[in-house]
Amino acid sequence: ANRKKPFTWNRRAEKADTRYRVFCMSLGDWLDDEIPGEWTAELLNTIRLTPFLDWQLLSKRPENFQERLEAAMDWIDSQIEEGNSLDFQREWIFSWLKGIEVPKNVIVGATMENQEMKNERTPLLRAIPAARRFISYEPALEAVDFGDLRGMDWLICGGESGKGCRP
């Protein structure tokens, strides 16, 4: 049932002539190695079909962007071979992957909890073809020199909470 909610939100946003933000997979990672290509293809198709929603896609694995989109295209190719007409969906993903046409309703982000991850992930995030990008400095585990934020549109800062949280 939750997978259908974005379509309702999209209709409401269009009717209200506004945009809603969707923080996707708050307890997951859309670029995780173990997510099947079918699931990625489904997520990307939902994003494609909901142009009045701004999708915040956060990952700790920006290096997996190409691999995960290719896995989605591989799954789509298997469906096309079975006679399903998904060429338009494949073309949309391919265009994003190659930076030909990036989705305007996607904000791609990476988690950077310390200096090491900031140094490693910033160039990877910049390499993802995107209309907008953000950094999630959460949990802020140490002081980080963000220096040059060129190409970043948003910096979210926060710590941990709850029993056993780190300072």
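A residue counts as buried when its relative accessible area is under 20%, as exposed when that area is over 50%, and as partly exposed in between (1.4 Å probe, protein chains only). Asn-10 is buried, with a relative accessible area of 8%.

The model is predicted, so local features need pLDDT of at least 70 and side-chain atom pairs count only at pLDDT 80 or more, while totals for chains, interfaces and linings use all residues. Residues are numbered from 1 along each chain as its sequence is written, and side-chain values use heavy atoms, with hydrogens and water left out.

Asn-10 sits in helix H1 (residues 5-16); helices are DSSP runs of H or I with at least four residues, numbered from the N terminus. Leaving aside neighbours within four places in sequence, Asn-10 is in contact with Leu-49, Thr-50, Pro-51, Phe-52 and Leu-53, where contact means heavy atoms within 4.5 Å. A polar atom of the Asn-10 side chain lies 2.7 Å from the backbone nitrogen of Phe-52.

Axes are lines fitted to C-alpha atoms over the stretch in contact, and angles run from 0 to 180 degrees between N-to-C directions.

| Pair | Axes | Angle |
|---|---|---|
| H2 (residues 37-48) and H3 (residues 65-81) | within 7 Å | roughly 95 degrees |
| H2 and H4 (residues 87-97) | 10 Å apart | about 90 degrees |

H2 is therefore roughly perpendicular to H3 and roughly perpendicular to H4, a term for angles of 65 to 115 degrees. Residues of H2 that meet H3 include Gly-37 and Glu-38. In the contact of H2 with H4, Trp-92 and Trp-96 are among the H4 residues.

Notes. Helix = DSSP H or I, 4+ residues; strand = E, 2+ residues; numbered from the N terminus. Parallel < 35°, antiparallel > 145°, perpendicular 65-115°, else oblique. Polar contact = N/O pair within 3.5 Å; in protein donor to acceptor, adjacent residues only side chain to side chain.
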